[in-house]
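Here is my note on this model. Please read the points alongside the coordinates.

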Amino acid sequence: CRRRRPTQKSLEPIQMGSYAHWKGQVLTAEELNVLYEGIKLNNVNHYDYILTGYSRDISFLETVVDIIKELKKANPSLVYVCDPVMGDQGAMYVPENLLPVYKNKVVPLADILTPNQFEAELLTGRKINTEEDAIEVMDLLHKMGPETVVLTSTDLPSKQGDQFLVALGSQKIKKPDGTNTDQKICMDIPKVDAVFVGTGDLFAAMMLAWTHHHPKDLKTACEKTVSVMHHVIKRTITYANEMAGPGKRPTPAQLELRMVQSKADIENPTIVVEAKVL
Ligand code: ADP
Ligand code: ZN
């Protein structure tokens, strides 16, 4: 969360705590279709995983949906990880008309969904004030499609104090007798007093990777995901504070995630956050 993006039309300087400048082009739905045509023509349209994130255009998102449907036909075991990036802390940073597309077309296709609290509330139309609310919202999201749902960050109070943020997860499990059950977990994540860019993307990527290794063990997949986050953020803030000097706040440039330096932790994280099974 606390992700600040420019509007893609204006690419203007944005709020403090993030980059001052944004450059580049926005891919259109037509351009995405052309790329996909090329992939098909070369017969390399077999995928095991798809991950999507920030998008702010209806026709682009609808094209993504069409492509994923086709790729799922080609490979029925394809896993689609969807980070439904729409907003944070009560404010949407994509156009409001994207919400019905996510609700009706994207989320039903998703196998793994990683909304933050605000996005989960938007998708379900339900507010989360308690752990019970969060559990109900995750069940509503399951009913919309995805068998794995992780609320990446919530405002729920942590039992470990206000220096922790709470994340929750839920995975549907098919029992051998055909009936359904689920595993629900909860994690307290130590907060660092800084704004990072790219943490939401890293979280979704790590959920993909660790559910690949632990497809039926949400607790382990989440513990490894959150532990990677912890190691990367710790390394980043330690470096940033050192660069900034005593008593000074690090700049966004100093807070660039220390990804390459964290390679070993990303591949094999020491577990530092234990998930509680609810
Ligand atoms: P989202 O809005 O999707 O929740 P964030 O980037 O805020 O995305 O959070 C994703 C994950 O990144 C969190 O679950 C947490 O593990 C980590 N994270 C992000 N910012 C912080 C922070 N300031 N302190 C500790 N962890 C953070
Ligand atoms: Zn997010």
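Which residues does Y102 touch, not counting residues up to four places away in sequence?

1. Y102 touches G53, S55, L61, C82, D83, P84, V85, M86, V107, P108 and L123. Contact means heavy atoms within 4.5 Å.

2. This is a predicted model: local features need pLDDT of at least 70, side-chain atom pairs count only at pLDDT 80 or more, and totals for chains, interfaces and linings use all residues. Residues are numbered from 1 along each chain as its sequence is written, and side-chain values use heavy atoms, with hydrogens and water left out.

3. Y102 is also one of the residues with the most contacts inside the largest nonpolar core, which has 41 residues. A nonpolar core is a set of buried Ala, Val, Leu, Ile, Met, Phe, Trp, Tyr and Cys residues joined through side-chain atoms within 4.5 Å. Buried means under 20% relative accessible area (1.4 Å probe, protein chains only).

4. Helix 2 (58–74) and strand 7 (164–174) are among the elements that each supply at least two residues of this core. The largest share, 7 residues, comes from helix 2. Helices (H or I, at least four residues) and strands (E, at least two) are DSSP runs, numbered from the N terminus.

5. Another core lies apart from it, with 28 residues, including L218, C222, A240 and V273.

6. Overall, the protein has 8 helices and 9 strands. Buried residues make up 46% of its 278 residues. Among contacts between residues at least 6 apart in sequence, 66% join residues at least 24 apart. The C-alpha trace spans about 55 × 50 × 35 Å along its principal axes.

Notes:
Chains are lettered from A and ligands numbered from 1 in the order in which they are written. Buried means under 20% relative accessible area, exposed over 50%, partly exposed in between (1.4 Å probe, protein chains only).
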